[in-house]
Amino acid sequence: MEVNIFIARFDFPSIRSENQEKEMEAVGGSGSSEVENDLEMKLLRDRFRLSAISIAESQVSKNGMEVSKVVVACVADLAFKYTERLAKDLQLFAQHANRKSVNMEDVILCGKHGHITEEKLEFLT
Amino acid sequence: MEETTFDCDLIHSIMKRIWTLRTLERENVATNDALESEVGAGSSKKNRTTSANASALKLTCELLRVFITEAVQRAVAIAEAEGDTQIEATHLESILPQLLLDF
């Protein structure tokens, strides 16, 4: 289950690098471009993690509490994985509607997956 | 009232990266079938990369911010119920299943 994987990955950097190497071997293809994409993705991921961490910490301080570093790093990592999933779903929704660009409707569809109620959606739009 | 949120350009570049990677994968599959050595960029409709609307991008940033906020608020609730002042991994563990199901 995904949950166990996330919980076990509290020391995620070492584990993820191993998985990435295996994935790259499996995909094959032109080795250098794969590595380039990976490096740039790592850069984007680090920037994403920084902003995610700042958002999380500001939220925590609003409640007057503290948060441990492991938790904040884990939340940032979860958010990044969610972003990847979201990107793939958005692309699929746009393609299904025979569109090349992602629309508001696609994002709303992705948001409707879970608990986000009509009110929150109206507030977001 | 100040509020930290994600940079729209950052999210946009991350998404574009994932989309280009996916279209490249699909191109690789297509070229393996068609025995072509190279496929020109944008030569066929399916191979053009997806892009994002400006307001869709803003919505996505907001959605991600809400994800993090939900995770933090739920963990805070658990921690307060237990009487701790610091959010630990155990608090995060208990909210994780429901959070992943909701999003």
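**View 1. A salt bridge joins Glu40(A) to Arg17(B).** In this predicted model, the side chains of Glu40(A) and Arg17(B) meet at 3.6 Å, N to O, where a salt bridge is a side-chain nitrogen of Lys or Arg within 4 Å of a carboxyl oxygen of Asp or Glu. One salt bridge is counted between chain A and chain B.

**View 2. Chain A meets chain B across an interface.** Contact, meaning heavy atoms within 4.5 Å, links 56 residues of chain A with 55 residues of chain B. The buried area, which is the accessible area (1.4 Å probe) that two parts lose on being put together, summed over both, is about 5,300 Å², with 71% of it given by carbon and sulfur atoms. Met65(A), Gln91(A) and Lys100(A) supply 12% of the area that chain A buries against chain B, more than any other three residues.

View 3. Just after H4(A), Asn98(A) has a positive phi of about 55 degrees.

**Notes.** Residues are numbered from 1 along each chain as its sequence is written, and chains are lettered from A in the order in which they are written. Local features need pLDDT of at least 70, side-chain atom pairs count only at pLDDT 80 or more, and totals for chains, interfaces and linings use all residues, while side-chain values use heavy atoms, with hydrogens and water left out.

Definitions and conventions:
Helices (H or I, at least four residues) and strands (E, at least two) are DSSP runs, numbered from the N terminus.
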